[in-house]
Structures are given as structure tokens and as C-alpha cells.
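Let's take a walk through this protein together.

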Amino acid sequence: MKKILFLLFALQTGAVLQAQVKLPRLIRDSMILQRDDTVQLWGWASTHEKVTARFNGKQYRTNADTKGNWSIKLPPTPAGGPYTIDITGKNKISIREVLFGDVWFCSGQSNMVHQLNIHDVTYAKDIAGARFPQIRQFLVPAQYNLEGPQKDLSNGHWQPAIGDAVRPFSAVAFFFAKKLYEKYKVPIGIINASVGGTPVEAWTSEAGLSGFPSMLNTILKNKDTAYINSILRQQADNRTALPADAGLNTSPKWFDPSCIPRGWRNINIPGYWEDQGLKDLNGVVWYRREIELPPSMANNPARVFLGRIVDADELYINGVRVGNTTYMYPQRRYTVPAGILKAGKNIFVVRVTNNYGKGGFVPDKPYCIFAGKDTIDLKGDWQYKVGVAFKPNTGNIPGINFQKQPSALFNAMVAPIIPYRIKGFCWYQGESNEGQPDLYGNLMHAQVNDWRTQWAQGQLPFLFVQLPGFMDYNYFPTESNWALLREAQLHSLRIPNTGMAVAIDLGEWNDIHPDNKKDVGERLALSAMKVAYKEDIIYSGPIYDSYTIKGNAITIYFKHTGSGLVTNDGEPLSDFAIAGADKKFVWARTRIEGNTVIVWSDEITAPEYVRYAWSDNPVNPNLFNKEGLPASPFRTDH
């Protein structure tokens with residue numbers, strides 16, 4: 001009898017819980033709603049349940065449909081707050097500290113992901129001085145869905161930009177929002193949905209990819225759970241097949257201070273091990289060094305900078321693991337707790353795993369340990385020993401990367417946001433599509449159209465970042481996928497109501513995640529002021545418009561010249577190349593005449609083509625307007 005009563009109670013309790021009004025994760029305390037626009041609140045309840053929203057002294061009523069879905073529209077409201085919104089059905093939910101302002105959906109891959117925390121040395125003052133309770137970020141959890149669009153997110157909350165709470169903010173989005181807030185004095189909401197290493201097609205819906213049959217076939221195949229399960233099993237089997245690391249399977253382990261380093265060889269940090277005698281090695285390499293520290297550093301907390309490491313690493317000091325990173329791109333900045341460092345000899349051990357290409361420590365980055373006023377350089381001679389060498393193809397486990405699949409991120413990270421009214425989009429992406437630059441323009445056009453169609457708010461402003469310079473400098477004219485992809489981004493300005501932040505001058509040759517995020521965010525904000533806020537301002541650097549040929553010279557005409565063309569360093573123009581009909585480019589001579597650039601070379605008597613800053617990482621792209629905004633890389637008709 002007791003079991004029957006308990007079962008009845010459980011069923012009744014479940015029915016009550018199912019009948020309760022529920023809100024999506026995005027609609028919660030501290031949210032920012034779009035000002036001056038009809039906004040929608042939505043959620044779920046029991047079938048036909050009466051739902052009431054009480055806001056600003058008025059009530060708004062609706063009934064849930066046969067599936068329990070409901071929505072209520074609130075009238076346009078000017079910037080301001082805070083407000084409390086009460087949602088009542090068979091239960092009551094109060095949403096507090098609600099502001100009305102401008103909401104921007106910020107998305108892309110890792111350069112949009114990168115938090116202020118990762119760049120806390122460069123932006124230490126900005127973090128310490130963050131007192132912006134009306135700038136708030138909602139960080140969308142990184143997830144994928146191969147089956148179809150989700151209705152809700154798994155997690156997330158609105159966070160104000162105050163003190164250390166600003167550290168998880170996208171650095172680009174924060175500086176974008178800060179500039180807009182300082183200009184317009186209205187709350188700025190950031191919905192940050194970004195994932196590192198992801199292509200544009202992952203962020204586009206299945207309907208948005210209708211013009212790409214091969215991607216639609218992939219989407220269909222990925223919906224087959226039997227197929228996906230077979231991939232997962234294969235990946236699991238291959239992981240267990242990886243050979244053991246000798247450094248972890250001996251006693252004492254190689255990070256243990258009692259380990260006597262026998263058979264270790266010399267190597268230099270920074271540098272790649274393939275350049276120092278380890279030919280074509282993918283696997284695990286251990287680095288070891290005895291570091292002498294002064295008494296003033298003993299037992300004190302410290303920070304270790306290990307530049308960047310390809311691919312993954314673990315740092316041990318005196319046998320204690322003090323930090324690790326699982327992939328190549330983040331800067332290694334580890335905190336050493338008090339009580340680990342000693343006066344005199346300290347054993348530093350770094351376990352590095354590399355799966356592809358050159359492994360080791362990236363040059364031209366900081367390598368040191370510091371505490372208080374003491375800084376000890378970590379560059380120089382270390383010892384190394386190979387823990388395991390992967391056989392070909394064992395380091396890279398075959399299978400598929402689910403978050404890179406077409407529509408996978410749209411389904412999980414974009415679709416649940418769509419009912420939320422916004423001011424516009426900010427997009428920083430492209431690196432993961434550089435292998436197919438000729439396709440990128442069509443994909444980006446499809447994505448812009450798709451998002452605008454999904455949100456159904458007309459031609460919402462779409463602002464994007466053109467990729468900065470990256471990789472080795474090339475001192476001769478060259479072909480470049482990165483240049484082709486930047487061209488595709490440049491041509492995306494043909495889509496109405498778009499704006500582009502040129503970042504060609506903000507890159508770093510050895511880091512796909514350059515440290516300068518502030519200028520990127522502020523240039524995006526300039527585009528927003530023009531495109532979204534309709535300000536009469538100079539918001540762009542020079543953009544190629546047209547050309548004429550006269551004799552052995554080509555005259556280049558530009559839009560967005562502002563107060564005039566200049567070089568930003570006072571030196572002659574650089575990175576212009578010219579060619580004849582054979583398209584064999586040579587470096588050109590140039591001069592600025594008014595709002596044009598005259599380009600010629602004594603080597604080319606019948607010129608037909610010009611390129612500017614056309615490489616992965618142009619050496620000195622120094623054409624700007626007097627407002628301090630750089631010219632976009634370009635080429636004439638090809």
C-alpha cells in the first residue's frame with residue numbers, strides 16, 4: 001500500500017512540475033532587452049495554460065498552445081531600467097535587474113572567443129578599471145547538435161562587466177561594447193556564441209545551406225545515429241591503441257625531482273624540435289631544466305609565461321603540476337601557488353604532446369617566471385627526452401570533429417537565441433575556411449542571408465572582421481589563400497547593411513590569436529556607428545574602387561579616403577605589386593596623388609594588374625587614411 005501511495009505522489013508531483021511555467025536560459029535575471037522595439041518573451045507550460053507577464057505596471061496575457069509553447073510581446077521601451085518582469089502561470093517567476101538597451105549577437109571562432117582573461121597582461125588596466133554594470137555578456141555554452149535545431153541552451157547567465165567578472169568576456173566584444181556604451185550611454189548586451197576552430201558552415205542552418213548539395217548530404221548522413229555511433233566507437237578504439245608514454249610509465253616518473261636524467265639531450269627553448277635534430281617526430285617530448293631562484297622568490301606565489309607551445313603541454317615544478325593546456329593556440333600563462341618554489345635549485349619539467357607538424361615552443365614569445373620584483377628568464381638550454389613517438393596517423397585520431405560539421409553549431413548555439421530581438425551581428429571568423437577561400441564568399445553570403453531570415457528583423461546590421469596578417473613574412477610577391485579569403489570578406493561588403501573592420505595591421509606572424517583585441521573591437525564599433533546608428537563619420541579605411549591604365553602606370557581609386565591618403569609610418573608606400581598580362585608580379589614603385597595611388601615598375605612596360613598587401617602576412621601594409629584606419633588588401637580585376 002505504501003508503494004502505491006508513493007507512486008501516486010510521484011505521478012502527481014511530476015504532473016505539477018510539468019505544468020510549471022518554464023523560461024529559456026536566455027531570459028533570466030540581469031538580461032538586456034532590445035530598446036525601442038517590440039520584444040518577445042517565450043517559454044513552455046502545460047497545454048492551454050494561462051500565462052501572464054507583468055511589466056512596468058501593465059499585464060500581458062496569453063495561453064500556451066497544444067504543445068505547451070507560449071510567447072508574449074512587450075511594447076517598445078526606451079533605454080533604461082532596472083525593471084522586474086513577473087511571469088505567472090501555475091507558478092510565478094520574477095526576472096530582476098532587467099535593462100533595455102542594444103543587444104548584439106557576437107559570434108565566430110577563437111578570435112571572438114578569446115577572453116580578456118587570456119590577454120590580462122596587455123589589458124590589466126582595462127580589467128582592473130572595469131566598472132560597467134550596464135555592459136553585460138551572456139556566454140552561450142559551446143555545444144553542437146547534429147540532429148536539428150534546439151529550443152533551449154543547457155546553461156548560461158548574464159554577467160555585468162565589473163572587476164574580475166569581466167575576465168570571461170570576449171575581448172573583442174567587450175571593447176566593441178565599451179566604445180558604443182561610452183558614445184550612446186545606453187546598456188549594451190553581448191550574446192557571445194563562439195567556438196574556436198570552427199568553419200562558417202557550422203554556424204549556418206540546414207535551410208541556409210540549400211545551395212551547397214555536398215553539405216546537405218553531410219547533414220543528412222550526420223542525422224544517422226548508427227553512423228555517428230560507429231564513428232565514436234572507432235575514435236574510442238584508436239585512443240586506446242595509442243602507445244604508452246615512457247615518462248609516465250616508469251618509476252620515478254620523469255617529472256619527479258628524484259628522477260635522475262639519464263640519456264637526456266640538449267635542446268633550446270624557444271624553438272621546434274624538428275629544427276633541432278628530431279626529424280618528423282609526432283609524439284610526446286619531455287623538457288627538463290634546473291632553474292636557480294633567489295631567496296626572495298622562495299615559497300611565494302609566482303607566474304610562469306611559456307609563450308605558446310605546439311600542441312599540448314603540462315608544466316611541473318618540483319614535482320607539482322602547476323598548469324596545462326590541451327591545444328596549441330592559447331598563450332601559456334600559469335600561476336604557481338605559494339609553497340612550491342624554493343631558494344636555489346628548482347626542477348622545471350614540461351611535457352609536450354604534438355600530433356602534426358612541428359612541435360615545441362613558438363619563437364618570439366615571452367618565456368620567464370616572475371614574482372614580485374624578481375623575473376627569471378627561462379629561455380636557453382634545456383634537456384629533452386622522447387616519451388613516445390607516434391607511428392604515422394596514430395597521433396591524429398581518425399573520425400570527424402562534430403563541432404565543425406555543417407549546421408552543428410547553428411542548431412545548438414544560434415537557434416535557441418533567434419526569438420530574442422537584437423540590434424545586429426558581430427562576426428570574427430575565417431581562419432578555419434582558409435583551405436577553400438574560393439568558396440568562402442558564397443558561404444558567408446549564405447550565412448548573412450540565413451541569419452537575417454531566421455531573425456526576421458529585416459536587413460539587420462552585419463559587422464565582420466577581415467582576417468589580420470599571420471604566418472611567415474614573404475619578401476617576394478606570392479600567392480596566398482589568406483589573401484583570397486580576405487578578398488572574399490572584402491566582397492561581402494556588397495551585401496547591404498554590412499560593415500568590415502580591417503585588421504591587416506594588427507596580426508602577429510607567430511600567433512593566429514594576436515594580442516591586440518582592442519583596436520579590432522573599436523573598429524567594429526566604428527562600423528556599427530555608421531551601419532547601425534547611421535552616424536555621419538569616417539568608419540573605414542581606404543577600400544579599392546577602380547583603376548585606370550595610362551602608359552606604364554596604373555592609377556588606383558579608393559572609397560573611404562577620409563581626409564586623405566597617407567602612410568601610417570611616414571615611409572614610402574609598401575606592399576604594392578604590379579604585373580603584365582602574364583601575371584608575374586614584381587614589387588612596384590608608388591606615389592600618392594590626392595585620393596589615388598599611382599603604381600608602376602620599370603620592369604613592366606604594359607601593366608594590367610595590381611595587388612596590395614597580397615600575402616598571408618604582408619610585411620608592411622602602410623596605406624591608411626588620415627583618420628588612422630588601414631586600407632583593405634585588394635587586387636584589381638583578375
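Start at the second largest pocket, which is lined by 23 residues, with L490, L493, I543, Y544 and K559 lying nearest its centre. Helix α9 (481–491) and the strands β26 (498–501), β27 (543–550) and β36 (634–635) each give two or more residues to that lining. A pocket here is an open set of points on a 1 Å grid where a 1.4 Å probe fits, with protein on both sides within 12 Å along at least five of seven lines; lining residues have an atom within 4 Å of a point. The lining splits into 9 nonpolar, 8 polar and 6 charged residues.

A quick word on the model: it is predicted, so local features need pLDDT of at least 70 and side-chain atom pairs count only at 80 or more, while totals for chains, interfaces and linings use all residues. Numbering starts from 1 along each chain as its sequence is written, and side-chain values use heavy atoms, with hydrogens and water left out.

Now find helix α4 (residues 171–184), a run of 14 residues. Most of α4 is covered, with 10 of its 14 residues buried (under 20% relative accessible area, 1.4 Å probe, protein chains only). Among them are F174, F175, F176 and K178.

Finally, look at Q447 in helix α8 (residues 437–455). Q447 is buried, with a relative accessible area of 0%. Beyond its neighbours within four places in sequence, Q447 is in contact with V200, T204, W427 and F462, contact being heavy atoms within 4.5 Å.

Methods:
Helices (H or I, at least four residues) and strands (E, at least two) are DSSP runs, numbered from the N terminus. Ala, Val, Leu, Ile, Met, Phe, Trp, Tyr, Cys and Pro count as nonpolar, Asp, Glu, Lys and Arg as charged, and the others, Gly among them, as polar. Buried means under 20% relative accessible area, exposed over 50%, partly exposed in between (1.4 Å probe, protein chains only). The expected span of a helix is 1.5 Å times one less than its number of residues.
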